[in-house]
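Me: Could you walk me through how to read a fold like this one? I would like the general idea each time, and then the case at hand.

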Amino acid sequence: MARKESKEELKKRTQEIVRRLKRAFPDAKCSLNHTNPFELLIATILSAQCTDERVNLVTADLFRKYRGPEDYLKVPARELETDIQSTGFFRNKTKSIQGTAKVLTEKYHGEVPRTMEELLELPGVARKTANVVLGNAFEIKSGVVVDTHVTRLSHRLGLTKEKDAQKIERDLVEIVAKKDWVIFSHLLIYHGRKTCKARTPLCEECVIEKYCPSSYLKTGVPPGS
Ligand code: SF4
């Protein structure tokens with residue numbers, strides 16, 4: 001049986017994975033279009049159960065119509081629901097957006113707060129959304145964004161065994177250098193799209209194959225099967 005990897009070895013392996021992925025994807029960044037923290041907050045709320053491409057299509061018009069929190073409060077819920085309908089779960093998302101806009105207007109002069117505690121008090125904002133906003137809009141390293149892609153790749157790479165997003169994040173912040181917390185999820189998402197695809201991972205051309213326990217070149221079994 002293979003010897004269990006020590007925490008130090010796991011950290012070194014993770015560092016090497018990050019180093020190689022940075023080289024492969026030097027332009028990796030948040031794929032939700034935005035021009036300010038508020039737009040990123042709205043885009044992230046819309047991205048729940050929806051692709052970033054679809055969100056970007058919707059926000060291209062949405063951000064022209066609604067400039068700041070007060071604009072989202074001026075319209076009836078029904079109108080906003082129609083505007084964001086194609087992102088799915090549009091009733092809940094409308095409640096979150098209008099609830100968030102209300103708190104931002106009443107409590108923060110229309111600005112997006114910069115702490116995890118304050119962001120988590122906004123309706124519909126959970127840790128993942130708060131991490132996206134803090135990391136990408138303010139460059140504050142509050143944690144690691146864990147979405148379905150990060151979860152899938154972290155499992156394949158043997159970086160965590162946990163299933164729950166908060167527990168996965170707890171594992172990742174221990175092994176990923178803090179300076180890389182924000183870029184880490186972008187790198188995994190880019191790598192997942194290009195090479196480590198859900199059903200057909202391209203292990204033979206993978207730049208981190210050497211550091212991956214799930215590679216079918218080692219196991220003989222495609223990880224997606
Ligand atoms: S070796 Fe295969 S399973 Fe491992 S990260 Fe690369 S593509 Fe994914």
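Me: Happy to start with the order of elements. How do the elements of the protein run from the N terminus on?

Reply: Reading a fold begins with listing its elements along the chain. In this predicted model, the order is α-α-α-α-α-α-α-α-α-α-α-α. That gives 12 helices and zero strands.

Me: And what does the radius of gyration say about the protein?

Reply: The idea is to set the value beside what a rule gives for that length. Here the radius of gyration is 19 Å, close to the 17 Å from the globule rule for 225 residues, so the protein is as compact as a globular protein of that length. Along the principal axes, its C-alpha atoms fill a box of roughly 60 × 30 × 30 Å. Of the 225 residues, 46% are buried.

Me: Now for helix pairs. At what angle do the axes of helix 1 and helix 11 cross?

Reply: For a pair, look at the approach of the axes, then the angle, then the hand. Helix 1 (residues 7-24) and helix 11 (residues 181-194) have axes that come within 10 Å and cross at roughly 65 degrees. Angles of 65 to 115 degrees count as roughly perpendicular, and helix 1 and helix 11 are therefore roughly perpendicular to each other. The crossing is left-handed. Helix 1 brings Thr14, Val18, Leu21 and Lys22 to the contact, and helix 11 brings Ile183, Phe184, Leu187, Leu188 and His191. By class, these residues are six nonpolar, two polar and one charged.

Me: Let me zoom in on one of them. Is Leu187 buried or exposed?

Reply: For a single residue, go from its accessible area to its partners. Leu187, in helix 11, has a relative accessible area of 1%, so it is buried. Beyond its neighbours within four places in sequence, Leu187 is in contact with Val18, Leu21, Lys22, Phe25 and Ala28. Between the C-alpha atoms of Leu187 and Ala198, 11 residues apart along the chain, the separation is 16 Å.

Me: Let me try another pair. Which hand does the crossing of helix 2 and helix 3 have?

Reply: Follow the steps again, from angle to hand to residues. The axes of helix 2 (residues 37-46) and helix 3 (residues 52-65) come within 10 Å and cross at roughly 140 degrees. That makes helix 2 oblique to helix 3. Their crossing is right-handed. Glu39, Ile42, Ala43 and Leu46 of helix 2 meet Val55, Thr59, Leu62 and Phe63 of helix 3. This contact has six nonpolar, one polar and one charged residues.

Definitions and conventions
Residues numbered from 1 in each chain as written. Predicted model: local features only at pLDDT ≥ 70, side-chain atom pairs only at ≥ 80, totals over all residues. Heavy atoms only, no water. Axes fitted to C-alpha atoms, helices over the stretch in contact; angles between N-to-C directions. Helix = DSSP H or I, 4+ residues; strand = E, 2+ residues; numbered from the N terminus. Parallel < 35°, antiparallel > 145°, perpendicular 65-115°, else oblique. Left-handed = near helix turned anticlockwise from the far one by under 90°. Contact = heavy atoms within 4.5 Å. Nonpolar A, V, L, I, M, F, W, Y, C, P; charged D, E, K, R; others polar. Rg over C-alpha atoms; globule rule 2.2 N^0.38 Å. Buried < 20%, exposed > 50% of the residue type's maximum accessible area, 1.4 Å probe, protein only.
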